[in-house]
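Welcome, and please get your viewer ready for a short walk. We will select a few pieces at a time and look at what sits beside them.

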Amino acid sequence: MTAATTKTPDRSTWGAVTTMYRLTTGHRASVVVATVLTLAGSALGLAQPLLAKNIVDASGHGRTVWPLLALLATLFVTEAATGAVGRFVLERMGEGVVRGLRHGLIARLLRLEMNQYHRHRTGDLISRVTTDTTLLRDVVSQALVDLVTGALAAAGAVVLMAWIDPLLLLLVALTVATAALVVASLLKGIRAASAHMQGSVGALAAELERALGALPMVRVHRAEDREATRIGKRVDAAYDAGVRTAKLASVMSPAVELAVQGSFLLVLVIGGLRVNGHANSLGDLVAFLLYASYLVLPLSSVFRAVGLMQRGMGAYQRIAQALAMPAEPEEAVEHAERTGPGGCVVRAAPRRAERTGKGEAPALALALHDVRFGYVPDRPVLNGVSFTVPHHGQVALVGRSGAGKSTIFALVARFHEPDSGTLLFDGRPAAELSRGACRARIAVVDQNTHVVHGSLRDNITYAAPDAGDAEVRRVVELARLDGVVRRLPGGLSGVLGERGNTLSAGERQRVALARALLARPALLLLDEPTSHLDAINETALTTLMKEAAQECALLVIAHRLSTVRHADRIIVLEEGRTVASGSHEELLTTSPSYRALAAGQMLRPAQGTSGADAATAAHERPRTP
């Protein structure tokens, strides 16, 4: 199922049927088999009242009935076995449909445009993969076939009832038609209530994910009761929507039951009078009553299926909306790509000696020329940013919060596309490269480090799952994770908690750094790499960054001038513009913006020291209370 098929569904009952039928694409053989088996069981059931009629009439005339009784028992057992096999085929088909939907949703949600994750809550998106698809499973595995087979079985019973006594059939039809009118009046309300209930469950999941994702903050601020109240409101909303759905469904079920019971009583009374008047035989009345009771199941199945489909359409609309959300375009596999473990595509960055075809690397790993970008139209974040990053060396981005530093990283990672200007990798415009080819050249250590549930080794090798033990040990030593490995039960195989909560913030940052180094990128993006490190590990990281700058390009966002002053070049950003560039010493002399940033960090020139030494001394000087 693709986004092309996710237009707004038809709200009519027939539209619901056709929509549910489309979902069974790829499983039509199972639908046919289940339908045939169910119809065969219905035919066996329809034959039983006629056989009972013959048994009653034969007994009244003194004829032998035990062969007919044996045949009746055989039909009953065969009907039960046929129904069981048909139900299994349906349930398996329903699970297959849900599996396909979930695969499609997962693939879509992992590839949405980045701005979609800001517009939709994570918990709500997850509920579309879990809760909504589960409801659809019940629809496609039960309602669709029940509607068809129930209608056919009911039609067969009606034909046989008309053959036995048309007058009694007319009475039954009037009561059933009354129930049908009641059901039809409730369908629209059931659909709306179901859609509201599914939305409430999605909101509940989002609120719970929000609280559990920030549990330390919740505990420290003693906000458990507040969060329980907030989430409880979502629980109450889901309850109210569920009660409304149940209320409508509870009206529908008794309407059907009353119609069935009323028709049964009418048949019993009027049919008995007709037998006394010799208009019908006792066998005819028994057969008609059996058909009237037999009609209960297929009619109930039809009404229940129609109601379930309307509920399923509410879930389907949410799934269709998710499948229709804008996603990053699929790109052709390039020659540099290979298939990795699990069938995933691994894009290898081109070797530096191959990037020009002349045996030498081009001068620049990254270049931005007059790049402009805004997350919202008419509200630019970047206003003509231009700078370059050589293949070897360290370039630092500095500026006040909101200057556009993290936005530049997002553009380099191709999470967004510039509104204007040019972004080049190895001299090639990013627009000429696939997103995969661009991302294969980079690795990112974000300030909000991402550590997932799994072993320490899984987290380190996430970008290179086929890395060998020697490579893993190398980056563990470089990132100074030896102590973590020794401390964890199981070492590298030790399991980290959810979001790495068994590690400190500094340890999580070093895990992210080891992951990035293992990928051997051409361009390493570091966002505040020392923000969670102590002085000893910060010094070690500074040394590591110097070594890494000999192997690849480093682009660093930093506020600590102890990190910035070691950069080969510093780019100063102000209100989305590059206002200055140069070394630490040069900028202290030539850039008012940089001096203002330095002054904010207690940098003061000292007598008898160079600019760099003065900056360092002022930065490291204890603050006066």
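Which residue in β11 does Val-444 stand opposite? Select both strands and you will find Leu-525 there, facing Val-444. Before going on, please note that this is a predicted model, where local features need pLDDT of at least 70, side-chain atom pairs count only at pLDDT 80 or more, and totals for chains, interfaces and linings use all residues. Residues are numbered from 1 along each chain as its sequence is written, and side-chain values use heavy atoms, with hydrogens and water left out.

Helices (H or I, at least four residues) and strands (E, at least two) are DSSP runs, numbered from the N terminus. Strand β8 and strand β11 (residues 523-527) run parallel and are joined by four bridges; two strands pair if DSSP finds at least two bridges between them. Now widen the selection to the open sheet of six strands, ordered β8-β11-β12-β5-β13-β14 with mixed pairing. Its edge strands are β8 (442-445) and β14 (577-582), each pairing on one side only.

Contact here means heavy atoms within 4.5 Å. Helix α16 (residues 535-551) packs on the sheet too, touching β5, β11 and β12.

**Second stop: the four-stranded sheet**

Select β4, β3, β6 and β7: in that order they form an open sheet with antiparallel pairing. At its edges are β4 (382-390) and β7 (428-429). Zoom in on β3 (residues 364-373) and β6 (residues 420-425), an antiparallel pair with five bridges. Ala-367 stands opposite Leu-424 in β6.

**Last stop: helix α3 and two neighbours**

Show α3 (residues 66-109) with α5 (residues 122-164): their axes come within 9 Å and cross at roughly 150 degrees. Axes are lines fitted to C-alpha atoms, for helices over the stretch in contact, and angles run from 0 to 180 degrees between N-to-C directions. That angle makes α3 roughly antiparallel to α5; angles over 145 degrees count as roughly antiparallel, under 35 as roughly parallel, 65 to 115 as roughly perpendicular and the rest as oblique.

To see where they meet, pick Glu-79, Leu-101, Gly-104, Leu-105 and Arg-108 in α3, then Tyr-294, Ile-319, Ala-322 and Leu-323 in α9.
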